[in-house]
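Subject: Structure for your attention

Dear colleague,

I am handing over the structure below, and I would be grateful if you would look through it alongside the notes that follow.

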Number of protein chains: 2
Amino acid sequence: MHEVTRRALFGAVAMGLAVERHHMPRMVGAQSLATPVAVSGDPLSSWTDGLVKTRILTFIAESTDPGHPNFVPKSLRIATFDNDGTLWCEYPAPAQAYFALSVARRIAETDLEASRKPIFHEVLDNSLDDVANIDPDQYYPLFDAVNSGTTQQRFIGLCRGWLETAVHPITKRRWIDMVYQPQRELMALLAANGFTIFVVTGTSVDFVRAYAPVIYGIPSWQLIGTSYDYGFETVNGRGQVFVTTEENTVVTDLQKSTSIALQIGLRPVVAVGNSDGDLEMLQYAKGGPTPPLTLLVHHTDADREFAYDRNYEWSPFVSALADASREGFTL
Amino acid sequence: MHEVTRRALFGAVAMGLAVERHHMPRMVGAQSLATPVAVSGDPLSSWTDGLVKTRILTFIAESTDPGHPNFVPKSLRIATFDNDGTLWCEYPAPAQAYFALSVARRIAETDLEASRKPIFHEVLDNSLDDVANIDPDQYYPLFDAVNSGTTQQRFIGLCRGWLETAVHPITKRRWIDMVYQPQRELMALLAANGFTIFVVTGTSVDFVRAYAPVIYGIPSWQLIGTSYDYGFETVNGRGQVFVTTEENTVVTDLQKSTSIALQIGLRPVVAVGNSDGDLEMLQYAKGGPTPPLTLLVHHTDADREFAYDRNYEWSPFVSALADASREGFTL
């Protein structure tokens, strides 16, 4: 067995992970698309009346009307959503950063060899609240240490266990309860109109797989994201897929479009994002034969959430924001 | 624009391809899962009564019974099928080989520069019927020349156009009409019992995308296969994904399992194949908490199809065949 695998599998066992089970834990209390919110007359009741809401409703009416020139056959109604900052909160740092720190602490406590690595020292010197102040580029090696070595199924289970109780550092609400209600309504409306919804994210896809099927109602294979190369081994003829550190494919910028090509094989007609990393995905939607619905979330509501854009280091919103009008994207 | 892209886009135009359209051509007469075969009392009426059929029916009964220890929740009912030789005919050579030869002829006729490459000479010296006699390893560079340079959507359209009329060299029936009826029944039965079906194939995924949604009723994003790296470019803000020749990821052997990990994120509980390239996919299914359904198609019916296994160079069936009994796979 691969050295790093054996060590980390041991680590996972030390952390009290049970063997793989079919029975996925429910995230109690987490709202899911499977139990949709009560829709009165207005399917987008959380959206302010105005240009954006009208544009969405017009797009859906036209794209589902077989007599309209902008009609899109049901099998081609592909909607791609960015995740962090688009569907749920990513401020002051993405949930995965807090998760990685939490696991790093447990590795440092249970695995003396791993804890000698400089990256663990650097992180453990800071308090949890300081994750937001760390330069993201310096932080990424921690993801390598945390994400790798165990089997995919155990890693997803580890993430899910953390998410059951992990709370946001400022609001003190659970991360899984910080999904944006307007986007939940938009996804439900699209699904009801025959659109198939995908999440396309720079976050590790297996972290997103731990919660997106439960809190958004989107199946595991409609989640596309950053990943480490996977390895495969058999023990007594039973195969296991494990996560390596050998190479990692980051799904942002143009890789959002090329990953859509690989995993979906169809061009999106709805694309929703909130940062420069989403620009090419929206441009890809624009390249099709009918006008797409392209939306960018601009975080300006400091009262109910957080206001940020250009200076947010984890996911800056500079060129896409400046070009939105010229590109025809709706903010 | 990338040199190879410009040339091949020109080539695609020269070949009379229209611009991308939303309206997918129907494959007239092709049987689809969308219009299922009439099921009398027996959902597997094409299967011979006996051990294999009983094993399938028992597996489905147990895995869908919440009270049974082998129960699998609906969201985890993942079935992965190999394509060539498992779902449709691959003998005397896979359809894609005939497609590549056909396109190579047209490139040679319309693109003088491309036609000077040795690979085109080698292939054009042979007749169409001789594809089956070419060493597959020598043939693969032709796939590079044929698959690359155009946009993904145009390439899929090119494949679909060919498949509308292309016939098998021996049976003279259309390739798209040579789907195995027993597998069609098995897929329909699994789908009716809440399983989500994926095709996992060593063939180019975009070739399979041209016909699998129509003839199997499986959506584009549930098709996993070999692919070239995709590129992305914008022209006047409109994005296009094109196929490069820079690197290609072959999905066979252990890459079947690691591609399942990347694109599905769940372990299959049903795995069906017909060659050594499918062995690891079946082993991966075996690694789960409940006993999977693992089937291998052995081509022994020379009267109704073709009999072959060990010596078939495109897709040999040696070690998986020898180990089937020990591994617990059902032939």
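Lys172(A) is exposed, with a relative accessible area of 55%, where exposed means over 50% relative accessible area, buried under 20% and partly exposed in between, for a 1.4 Å probe and protein chains only. Lys172(A) has a positive phi, near 65°, although it is a residue other than glycine, and it sits in the loop between helix 7 and helix 8 of chain A; helices here are DSSP runs of H or I with at least four residues and strands are runs of E with at least two, numbered from the N terminus. In chain B, Asn236(B) likewise has a positive phi, near 55°, in the loop between strand 3 (223-235) and strand 4 (238-249), and Asn236(B) is exposed with a relative accessible area of 72%. As background, most residues other than glycine have a negative phi, and most peptide bonds are trans.

This is a predicted model, in which local features need pLDDT of at least 70 and side-chain atom pairs count only at pLDDT 80 or more, while totals for chains, interfaces and linings use all residues. Residues are numbered from 1 along each chain as its sequence is written, chains are lettered from A and ligands numbered from 1 in the order in which they are written, and side-chain values use heavy atoms, with hydrogens and water left out.

The peptide bonds deserve a look as well. The bond from Tyr91(A) to Pro92(A) is cis, with omega near 5°, and Pro92(A) belongs to the loop between strand 1 and helix 3 (95-110) of chain A. In chain B, Tyr91(B) and Pro92(B) are also joined by a cis peptide bond, with omega about 10°, and Pro92(B) lies in the loop between strand 1 (78-81) and helix 3 (95-110) of that chain.

On the fold of the chain, chain A contains 13 helices and eight strands, and 59% of its 331 residues count as buried. Taking contact to mean heavy atoms within 4.5 Å, 70% of the contacts in chain A between residues at least 6 apart in sequence join residues at least 24 apart. Helix 8 (residues 181-192) of chain A has 12 residues and reaches 16 Å from its first C-alpha to its last, close to the 16 Å expected at 1.5 Å a residue, the expected span being 1.5 Å times one less than the number of residues. Its buried residues include Leu186(A), Met187(A), Leu189(A) and Leu190(A), and also Arg184(A) and Glu185(A). Among the elements that cover the buried residues of helix 8 are helix 2 (51-63), strand 1 (78-81) and strand 2 (196-204) of chain A. Helix 8 is followed by Gly194(A), whose phi is positive, near 85°.

Asp82(A) lies in the loop between strand 1 and helix 3 of chain A and Lys256(A) in helix 11, so the pair ties together parts that are 174 residues apart in sequence; both residues are buried. In chain B, Lys53(B) forms a salt bridge with Asp49(B), with the closest N and O atoms 2.9 Å apart; Lys53(B) is buried at 5% relative accessible area, whereas Asp49(B) is exposed at 63%.

Finally, the two chains. Chain A can be laid on chain B with an RMSD of 0.0 Å by a turn of 180° and a shift of 0.0 Å along the axis, the superposition being by least squares on the C-alpha atoms of residues with pLDDT of at least 70 in both. That is the relation of a two-fold axis, and in chain A the C-alpha nearest this axis is that of Gln263(A), 3.3 Å from it. In the interface, 50 residues of chain A are in contact with 50 residues of chain B. The chains bury about 4300 Å² between them, 58% of it on carbon and sulfur atoms, where buried area is the accessible area (1.4 Å probe) that two parts lose on being put together, summed over both. Across this interface the rule finds zero salt bridges. Helix 11 of chain A gives the most to the side that touches chain B, with six residues.

With kind regards

Technical notes. Salt bridge = Lys/Arg side-chain N within 4 Å of Asp/Glu carboxyl O.
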